[in-house]
Amino acid sequence: MRRFRGYWSLIIIVLVAVLSLTYTLASGNKPLLGLDLQGGVSVVLQPKGTPESSSIDEAIRIIRQRIDALGVAEPEITRQGNNILIQIPGVKDKDRAIELVGQTAELQFRPVLAELDPSVVTDATTTTVDPGASTTTADPTASTTTTAPSNPTGLSPDVCKTGLTGEQTNREGTTYLPQCDGETLVSVLQVGPVALTGGALDTARATLNGQTTKWTVSPVFKGGADGIGLFNAAAAKCYAGDATCPASASGPGRLAIVLDGRVISAPTINEASFQADQIQISGNFTERSAKDLATSLKYGALPVELEQQQAQIVSATLGRDALHAGLIAGLVGLILVSLYMIAFYRVLGVLSILKLFIEGALLWSVISYLGTNNGLALTLAGITGIIVSIGVSLDSNVVYYEHLKEDVHDGRTIRSATDRAFHSSFSTIVKADVASLIGAALLWWLTVGPVRGFAFYLALSTLLDLLTSWAYMRPVVKLATRSKGLLRRPSLLGIPAEAPQPTGRRTAARPSAGATR
Amino acid sequence: MSRLGRLNRGETNIDFLKVWKRTLIFSGVLVIISLLSLFTRGLNLGIDFEGGVSWEVSAPGVSVSEARSALESVGEGSAKIQIVGSDIVRVQGPEATPEHEAEVRQKLADLAGTDVGNVSVSTVGASWGSDITKSAIRALVFFFIAILIYLSIRLEWRMAVAAIVAVFHDVLISVGVYSVFQFEVTPGTVIAFLTILGYSIYDTIVVDDKIKENERLVGQSGRMTYGQMTSLSMNQVLLRSLNTSIVSIIPVIALLVVGAGIMGAVTLEEFSIALLVGLVVGAYSSIGVAAPVLVWLKEREPKNRTIRERLAAQGVDVLHNAPRPTGQRLLEVEDQSHGRRDPGALDPDDDAPVTDDDQPGAPSTTTTQAPRPAAPAPSGAIPPRPRKKGRKR
């Protein structure tokens with residue numbers, strides 16, 4: 001076993017590289033290609049102002065819900081700083097996807113025609129319905145539906161989870177819309193055509209009524225015919241109990257506030273006409289629910305106002321071409337740089353190319369693992385980063401080999417120079433690589449989007465370089481310089497011949513033989 | 001001995017003291033040109049910085065004028081139309097409604113005779129590019145500070161300052177090249193520039209490490225000034241610097257020529273031009289800018305100024321390279337210095353010789369050196385295998 005001393009790290013790193021590559025191939029892990037390589041839709045949204053962190057997370061949750069309703073595979077929604085990056089690979093209906101995520105949902109005001117008990121949806125297949133279930137909604141129309149043998153609404157029982165399709169929201173006509181509390185269906189309302197949209201609203205706020213200590217929500221409409229005018233027209237009909245907005249059990253007609261196909265509130269209209277800024281929605285609001293409603297009125301469904309910063313539709317063919325070009329360019333670069341290293345450093349050059357292969361195997365495994373399990377995508381920027389890192393890796397070899405040459409040239413034996421040169425050049429390599437790592441870490445931390453991918457791969461390959469420099473390059477060069485065959489012909493190592501070993505002091509004159517060129 | 005042979009052995013004797021005067025003037029001129037061009041011509045900012053829509057479709061054989069006449073019907077006749085890569089038609093226009101965007105997409109698909117799904121569209125808000133730039137500049141500032149601190153700890157503050165000056169020079173000239181040649185600046189370009197920073201530093205650190213190693217030649221022997229020592233160090237690491245740069249540049253050239261040129265990948269072109277420019281400038285600046293700035297800073301130190309004045313008084317030529325110490329003398333000097341060296345004065349892991357008991361041929365080089373004070377590498381855990389006695393190599 002003694003003969004392996006000092007070479008354990010070599011055996012281990014080669015084993016790790018081979019095993020991880022085998023595992024990657026066997027488990028079918030593959031790098032996840034970024035959108036620029038496989039085609040798809042990518043949208044970057046930026047919140048206006050400085051929103052709270054929690055509201056951005058909430059916005060991401062809502063956006064994810066919407067995209068899931070679109071039925072695409074593996075949407076990638078990530079948060080980068082305050083920005084939200086949405087990537088949907090290979091989506092078919094690209095425009096719809098961008099529309100869904102890129103815009104805040106439309107807020108609609110629709111007259112309520114009837115309110116149904118949620119059991120018509122949830123218990124659609126059973127004909128016997130416990131009438132007691134309808135006590136929470138005091139609407140008499142609910143009881144009529146209990147006799148209905150089937151579900152007239154067309155809503156699925158888990159509608160609060162899945163959302164509605166575009167047809168179901170039926171802007172221009174009559175439709176059934178759910179009212180949800182989280183994912184629980186609370187009520188089903190039959191509503192008429194859209195009377196006005198959120199565009200008529202100026203702002204909204206939640207206020208605490210000092211006298212009743214109850215929370216109310218005050219929407220403020222824009223002035224003029226397109227604002228308060230529209231609202232008052234609808235309000236007048238509802239107050240009068242017009243056929244398009246029939247009176248409810250509790251009094252005049254109701255106007256439902258609809259967001260993302262869900263009724264978020266359906267207040268009764270208690271006056272025929274309102275001032276633009278004198279409207280109050282009262283009810284059993286808690287502070288939280290009042291504020292939520294005010295936010296929804298203000299921004300649409302998302303708790304923050306989002307601005308579309310960048311949207312990209314990448315065609316699958318262009319992406320594939322870019323991938324091929326990147327791979328082939330990388331391969332050509334690799335071959336050229338290998339030839340250069342071998343021409344200069346002979347056997348040591350070959351060893352440095354093997355180092356690239358070990359790093360490559362490890363890199364491939366890490367990228368595949370992260371791609372399959374953490375959704376880390378390999379983008380074109382990442383591929384560029386990897387190609388650039390070929391240079392980073394070989395730089396370490398050059399620094400070491402040149403130091404080795406210099407030491408031998410200055411009169412050391414190749415053997416003793418191998419260790420000595422490694423120590424000082426590894427110190428240089430660490431300094432230089434740490435500087436690169438600092439740069440990569442700062443890039444990752446301070447920037448967004450494509451820059452991050454680049455920084456990640458640069459950092460990853462720099463770390464791998466540090467690892468392989470120590471675990472592979474050190475022992476393998478040692479092996480090479482201990483080989484008797486190579487020592488006899490140092491030119492094969494690209495190292496000058498050792499100075500002859502004089503018994504006394506060496507003279508300044510050195511033989512000039514043995515140089516590679 | 002051929003010039004290449006000397007280069008290969010680190011035996012060139014280029015008088016960098018003279019060369020630096022030229023490189024500094026050269027750099028100065030480049031910086032002035034860059035600044036002038038930046039202020040007069042500005043940068044050719046891509047769509048990502050101005051906001052707008054960009055369509056791309058692979059349409060072999062379609063010319064710009066054909067594309068223009070086809071797009072006139074949808075009101076994009078005046079749009080910026082280019083053929084990029086080998087056969088990609090790129091149309092860029094101001095921000096548009098989604099409907100208009102879809103119209104143009106359909107038109108382009110018809111033109112290229114392909115499905116509408118094969119047309120790429122990129123819509124960019126006006127603030128996207130400036131956001132990227134802003135975060136890049138912030139990253140740059142933090143990078144400068146972090147590197148300044150890191151190099152001050154690992155090497156010394158003067159080297160850190162010299163390295164930062166060189167990197168700043170690199171960034172300025174790279175941006176200048178983009179301005180002079182009016183290459184389009186895209187977020188990809190910004191990314192590439194940021195990468196260059198790490199690179200430029202890499203080369204500079206390799207040089208600085210060698211200078212640190214040779215520093216004792218100034219103090220102990222008093223035979224040369226700091227400038228002369230640095231010039232000597234440059235000659236010794238010249239091949240190292242060249243080769244690190246060459247192996248980095250070869251893959252990038254492959255990206256540019258094969259990836260972008262032959263295969264026509266537009267994004268690769270954006271990256272690789274910036275990388276190439278930055279790499280070349282970075283390789284040059286570590287030799288031509290970082291080193292002379294360091295010498296200038298160091299020669300202001302009282303210790304080094306005294307040495308310089310003493311040598312000048314002795315009639316030694318301090319303006320040109322000192323006579324080159326031979327390898328033999330280098331080793332001797334090294335041993336003396338290590339013998340006397342104040343352990344705290346220099347970077348401990350800089351270049352202490354390994355205690356190497358298998359050096360029968362060179363008894364003079366193995367002094368009674370204590371084990372390395374702080375091994376930089378875990379390699380210290382694996383001691384060199386003791387040689388069997390009496391075995392000849």
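View 1. Chain B has an average pLDDT of 76, and 77% of its residues score at least 70; pLDDT is the predictor's confidence in each residue, from 0 to 100. This is a predicted model, in which local features need pLDDT of at least 70, side-chain atom pairs count only at pLDDT 80 or more, and totals for chains, interfaces and linings use all residues. Residues are numbered from 1 along each chain as its sequence is written, while chains are lettered from A and ligands numbered from 1 in the order in which they are written. Within chain B, helix H2 (residues 16-40) has the highest confidence, at 92, and helix H13 (residues 327-340) the lowest, with a mean of 44. Helices (H or I, at least four residues) and strands (E, at least two) are DSSP runs, numbered from the N terminus. The pLDDT is below 50 over residues 327-383 of chain B.

**View 2. Inside the largest nonpolar core.** Such a core is a set of buried Ala, Val, Leu, Ile, Met, Phe, Trp, Tyr and Cys residues joined through C-beta atoms within 7 Å. The largest one has 184 residues, and B:Val91 is one of those touching the most other members. Look around B:Val91 and, leaving aside neighbours within four places in sequence, you'll find contacts including B:Trp55, B:Leu71 and B:Ile81. Two residues are in contact if their C-beta atoms, placed from the backbone, lie within 7 Å.

View 3. Most residues other than glycine have a negative phi. A:Arg346, though, has a phi near 50 degrees, and B:Gln182 has one near 55 degrees. A:Arg346 is found in helix H11 (residues 316-373) of chain A and is buried, with 20 other C-beta atoms within 10 Å. B:Gln182 is in the loop between helix H7 (157-180) and strand E6 (184-185) of chain B, and counts as exposed, with 12 C-beta neighbours inside 10 Å. The rule is simple: 20 or more other C-beta atoms within 10 Å of its own make a residue buried, 12 or fewer make it exposed, and anything in between is partly exposed, with C-beta atoms placed from the backbone.

**View 4. An open sheet in chain A.** Three strands line up here in the order E9-E10-E13, with antiparallel pairing; two strands pair if DSSP finds at least two bridges between them. Strands E9 (201-209) and E13 (281-285) of chain A stand at the edges with a single partner strand each, so one side of each has no neighbour in the sheet. E9(A) and E10(A) are joined by 8 bridges, and A:Leu201 stands opposite A:Phe221 in E10(A).
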